[in-house]
Amino acid sequence: MQVTETLNSGLKREIKVVVPAGDMEAKLLARLSDAKDKVRINGFRPGKVPVQHLRKVYGKSFMAEVVNEILNESRTIITGRGEKAAMQPEVIMTEDEKEAEKILAGGSDFEFKLNYEVIPAIEIKDFSDIKVTRPVYDVPESEIDEQVQRVAESSRSYETKSGKAAEGDRVTIDYVGKIDGEAFAGGAGTDQPLVLGSKEFIPGFEDQLVGTKAGDEKLVTVTFPENYQAAHLAGKEATFDVTVKEVAAPGKLEVNDETAKNLGLESLERLREVVKGQIESQFGSMTRQKVKRQLLDQLDTSYSFEAPSKLVEAEFTNIWNQVNRDLEAAGRTFADEETTEEEARAEYTRLAERRVRLGLVLAEIGEKAGVTVSDEELQRGLFEQIRRFPGNQQQEVYEFYRSNPDALNTLRAPMFEEKVVDHLLGQISVTDKKVSKEELMAEDEEGETKAKPAKKAAAKKAEKAEEAGSEEPKKKAAPKKKAAKDAE
């Protein structure tokens, strides 16, 4: 095998590989010899089939296997040169049918080219100069009390009443939503419980049911919010034909051991522990993201090198697709975001370059530190991903990941990154700082990307890279204020 470099420009490489016809012939004869004792051909005893007859019958297909084997092993050529390809190399072979036939017949050298980009050499710097501040929010008892109260509210009992519905009462309704007199998809519901004043539905809906009683039919007129995520409904006036089937008054709200037992816990004390843990976990995630952002920002300023263009293009495509999905869902345009498509492309290209550079730096740090993701850790990550789906979809999602190694690797990558971040946090200076809830929840700038508010939100979604194949279950009731995809 002869390997000749034909291009060396920046990170771009192209090498020409020539496998002499004699070597191809030797590989083919080895396969034919191996097959001699295995194939069964009418008219010949087992093991007595002449090689030339085998070649006549199987020569081209065996030679095609030889070609594929050489191509599959071509990556070893790159590693043998002391290089790491950023992505799978592009293979360039002859498109001339006659030439291809000669190669398969063993009458010509097999020539092909590998076109690829290399991962640049990265010299890891000392971490002692990196300093981050960890914002810490101490959850007050009052906040735990409020959350316990809200949790207990879900187990509050209601008693049917004969009078008119007042704020705080629960009504059970059927409804059909219409726009311009036509019912729209996802705009109907049956036996829907709704606590008046809960603000669960879009503004104005619940207010118009105050004063109704069981058996009433009410025409509710509302306007969907301008920022409603179902773009075809955003800002539009709709009517709902509502039938009130029951009015129920709330029973006394009690927060005690019995309340906790109704929620499947042994005591009120245990309920408080669970609620406190959930709140601390939520704010702990915010703290983690802010610390990680500071770390990545400082790494970004410390490492400046050319990123492989193919990786940047792939990352940009992921981000750009997410941005456009968000804009489409919101029914907005780049002009609505006070920018142009050209400016947005430039902005998200910078973000893609940053993410690729940081990914390469973290990968190098992790490799040198011996960071790995074990099969057990990957399995736990897979189960966490599966739990995000409704029960009837979980087996389907599991089978998807089990039969798709590339999808499984998309789970491994963020887990590896988090373990590298943990490693770095143990090497750098971290100072705790007490902050208010408002300070902790305040949004950061998107690295070096000075995005406007709506664009920052899209970029943040892109940063999280939703885990392959994951999607939150769609909610149902169209008038609900919190439903993102209700009427799709």
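Predicted model: local features only at pLDDT ≥ 70, side-chain atom pairs only at ≥ 80, totals over all residues.
Biologist: How is the packing of two helices described?

Modeller: Two packed helices are described by the angle between their axes and by the distance between those axes. In this model, helix α7 (residues 268-302) and helix α12 (residues 405-425) have axes that come within 11 Å and cross at roughly 80°. Angles of 65 to 115 degrees count as roughly perpendicular, and α7 and α12 are therefore roughly perpendicular to each other.

Biologist: Which residues of α7 and α12 meet?

Modeller: On the α7 side they are Arg 288, Val 291, Lys 292, Leu 295 and Leu 299. Their partners in α12 are Glu 417, Glu 418, Val 421, Asp 422, Leu 424 and Leu 425. The residues of this contact of α7 with α12 divide into six nonpolar, no polar and five charged.

Biologist: At what angle do the axes of α9 and α12 cross?

Modeller: The axes of helix α9 (residues 341-369) and α12 cross at roughly 70° and come within 10 Å. Helices α9 and α12 are therefore roughly perpendicular to each other. From α9, the contact involves Leu 362, Ala 363, Ile 365, Gly 366, Glu 367 and Ala 369. From α12, Phe 416, Glu 417, Val 420, His 423 and Leu 424 take part. The residues of the contact of α9 with α12 comprise seven nonpolar, two polar and two charged.

Biologist: How is a pair of aromatic rings described?

Modeller: The description of a pair of aromatic rings uses the distance of the centres and the angle of the planes. The count here comes to 14 aromatic pairs. In one of them, the rings of Tyr 175 and Phe 205 have centres 6.4 Å apart and planes at 75°, so the pair is edge-to-face. Tyr 175 lies in strand β7 (residues 170-179) and Phe 205 in the loop between β8 (182-195) and β9 (217-223), so the pair ties together parts that are 30 residues apart in sequence.

Biologist: Are Tyr 175 and Phe 205 buried or exposed?

Modeller: Both Tyr 175 and Phe 205 are buried. Phe 205 also pairs with Phe 240: their ring centres are 5.4 Å apart and their planes stand at 80°, so this pair is edge-to-face. Phe 240 belongs to strand β10 (residues 237-250), and the pair links parts of the chain 35 residues apart. Phe 240 is buried, with a relative accessible area of 0%.

Biologist: Which residues form one aromatic cluster?

Modeller: One aromatic cluster is formed by Tyr 175, Phe 184, Phe 201, Phe 205, Phe 224, Tyr 228 and Phe 240.

Key: Residues numbered from 1 in each chain as written. Heavy atoms only, no water. Axes fitted to C-alpha atoms, helices over the stretch in contact; angles between N-to-C directions. Helix = DSSP H or I, 4+ residues; strand = E, 2+ residues; numbered from the N terminus. Parallel < 35°, antiparallel > 145°, perpendicular 65-115°, else oblique. Contact = heavy atoms within 4.5 Å. Nonpolar A, V, L, I, M, F, W, Y, C, P; charged D, E, K, R; others polar. Phe/Tyr/Trp six-rings, centres within 6.5 Å; stacked < 30°, edge-to-face > 60°. Buried < 20%, exposed > 50% of the residue type's maximum accessible area, 1.4 Å probe, protein only.
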